[in-house]
Amino acid sequence: MQMIKQERLTLFRDIQTQMQKITSEIAGNSGCSNIVLNENDLSLKKLAEFQNELQQLHSEKSDRLQKVEAYIKYVHELSATMGMDSSQIITSLDPSLNSQDGEKTRNISDAILDRLKNTVEQLKEEKQKRTEKLHRLWKTLTNLWNLMDTPLEDQKPFAHLTMFASSPSGCEISSPRSLTLDIIYQVEVEVGRLDQLKASKMKELFLSKQIELDEISKKSHMATASQAEMDNILNLITSGQIDHEDLLNRIEEHILKAKEEAYSRKDIMEKVEKWLISCNEERWLEEYSQDQNRYSVSRGGHRNLKRAERARITINKIPASVELLMAKTKAWENERNKVFLYDQVPLLAMLEEYILLRKEKEDEKYRQRERKRIQGQVTAERESLFGSRPNTSACRPLTRNLNGSFSSSSPINKTPSMGTQELRSNTFTAQVTTVNRVKKTKMHKMPMRQVYNSHLRAETESVISFTLSGPSSP
């Protein structure tokens with residue numbers, strides 16, 4: 001019986017020792033306390049209970065070891081995919097996990113399991129981030145290649161990244177060193193280079209589109225973008241703060257709108273051009289009318305006369321064309337609910353100002369004609385009352401006496417006395433006054449052609465008298 005008791009005690013001690021060791025490993029305690037056996041109950045039933053409990057502890061330890069192995073395997077795989085050192089990561093958690101003894105010395109405590117679980121989750125999150133980043137970079141890279149027509153030879157160094165074209169989730173990416181930081185950096189550098197190249201190309205494309213838009217606007221005399229706006233957009237393109245595709249779409253929309261507006265302005269612009277040409281002809285005719293030598297025989301004079309006739313016909317049509325142009329402009333503004341600008345100036349304001357200036361010119365011409373007419377009437381009345389003013393030149397014209405003979409107002413061969421000169425002067429003045437009154441009375445009664453013939457005959461007689469007659473005697 002003593003021998004059976006000792007064997008039973010040894011068996012109980014071994015079982016409890018194993019139970020205490022496994023419990024310490026699960027709890028994370030390195031040391032083991034002394035085992036106290038209850039020698040009062042060494043029955044087989046108690047032994048069976050301890051054996052069942054030991055079996056459960058072995059099963060729990062096995063499960064924990066499997067979890068540790070699974071976590072370590074995840075760490076190795078994820079580290080290999082992202083180019084990390086898995087041994088360093090595992091050692092930083094617990095050196096026993098990298099032990100060569102394997103299951104004999106590995107820590108299987110709850111704390112280690114939690115730390116392994118957190119590490120695996122962190123690595124999975126990092127893998128997901130890198131995968132999504134490379135997916136975005138790959139998509140951007142392929143778009144830039146297509147946009148810039150990059151040759152295949154320049155695309156070959158990045159051919160291994162085609163897996164990211166259809167795997168944004170990251171679950172399927174498991175190739176070793178496929179998510180390293182070096183690969184991400186290389187793709188970022190390539191994307192940055194292509195972005196700069198795209199920005200320069202975009203500047204050229206934007207400037208060409210802007211030139212096209214400016215030509216449309218200038219041709220139709222519409223408002224164009226200021227230089228400050230252009231510089232601001234170019235700075236945004238350089239800094240990458242503006243979406244290039246959106247910018248191109250917007251400028252294409254502006255070009256379409258400009259073409260549509262230019263087409264709607266076509267009829268008005270044609271009339272504006274004709275009106276401006278008429279204004280130039282009007283200005284030329286005014287300058288030509290002030291030229292005192294316009295009727296002189298000179299080279300090209302007949303062409304100027306013909307142009308003056310055409311200009312008068314064109315100028316007479318200006319009021320009606322301006323009125324029609326104003327009506328069409330008002331209809332255009334009412335239809336589009338905006339002001340019709342011609343070189344950033346309202347066209348209606350230009351036309352109204354032109355009408356006002358034209359009226360002022362016509363009023364001024366009317367006042368000048370009235371002044372000339374009044375001056376002519378005053379001069380005619382003075383001549384009718386006091387006679388024409390005698391010529392004070394050295395060669396005095398000869399006058400016809402009432403009896404029709406030619407006589408000089410001053411003798412040439414004889415020097416009369418003072419009394420005789422005064423008498424002759426009074427007689428001459430009376431004769432001139434009487435002749436002028438008679439001529440004027442007759443000319444009022446004659447038709448216009450007879451007046452002209454009479455005036456011509458009088459001038460002829462005066463010339464003949466001055467040329468043929470000799471000095472008259474006192």
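**Entry 1: the end of α1**

My helix names follow DSSP runs (H or I, at least four residues), numbered from the N terminus. This is a predicted model, where local features need pLDDT of at least 70, side-chain atom pairs count only at pLDDT 80 or more, and totals for chains, interfaces and linings use all residues. Residues are numbered from 1 along each chain as its sequence is written, and side-chain values use heavy atoms, with hydrogens and water left out.

Back to α1: residues 2–27 make up this helix, 26 residues in all. From first C-alpha to last I get 36 Å, close to the 38 Å expected at 1.5 Å a residue (the expected span is 1.5 Å times one less than the number of residues). Its buried residues include Leu9, Phe12, Ile15 and Met19. Buried means under 20% relative accessible area, exposed over 50%, partly exposed in between (1.4 Å probe, protein chains only). What do the buried residues of α1 pack against? They pack against α2 (44–82) and α4 (110–148).

**Entry 2: confidence**

I checked pLDDT, the predictor's confidence in each residue, from 0 to 100. The protein chain averages 75, and 74% of the residues score at least 70. Over residues 391–474 the pLDDT is below 50, and this stretch has 52 contacts in the model beyond near neighbours in sequence (contact: heavy atoms within 4.5 Å).

Helix α9 covers residues 301–316. I found Gly301, Ala308, Ala311 and Ile315 buried there. They sit on the same side of α9 because they cover an arc of only 65° around the axis (the arc is that of the directions from the helix axis to the C-beta atoms). Arg303 and Lys306, on the other side of α9, are exposed.

**Entry 3: salt bridges**

I searched the whole structure and got 22 salt bridges. One counts when a side-chain nitrogen of Lys or Arg is within 4 Å of a carboxyl oxygen of Asp or Glu.

Arg64 and Asp110 meet in one, at 2.5 Å, N to O. This pair links distant parts of the chain, with Arg64 in helix α2 and Asp110 in helix α4, 46 residues apart. Is Arg64 buried or exposed? Arg64 is buried, at 10% relative accessible area, while Asp110 is partly exposed at 41%.

I also looked at Glu364 and Arg367, whose closest N and O atoms are 2.7 Å apart. Both lie in helix α11, 3 residues apart, about one turn of the helix.

Definitions and conventions. Helix = DSSP H or I, 4+ residues; strand = E, 2+ residues; numbered from the N terminus.
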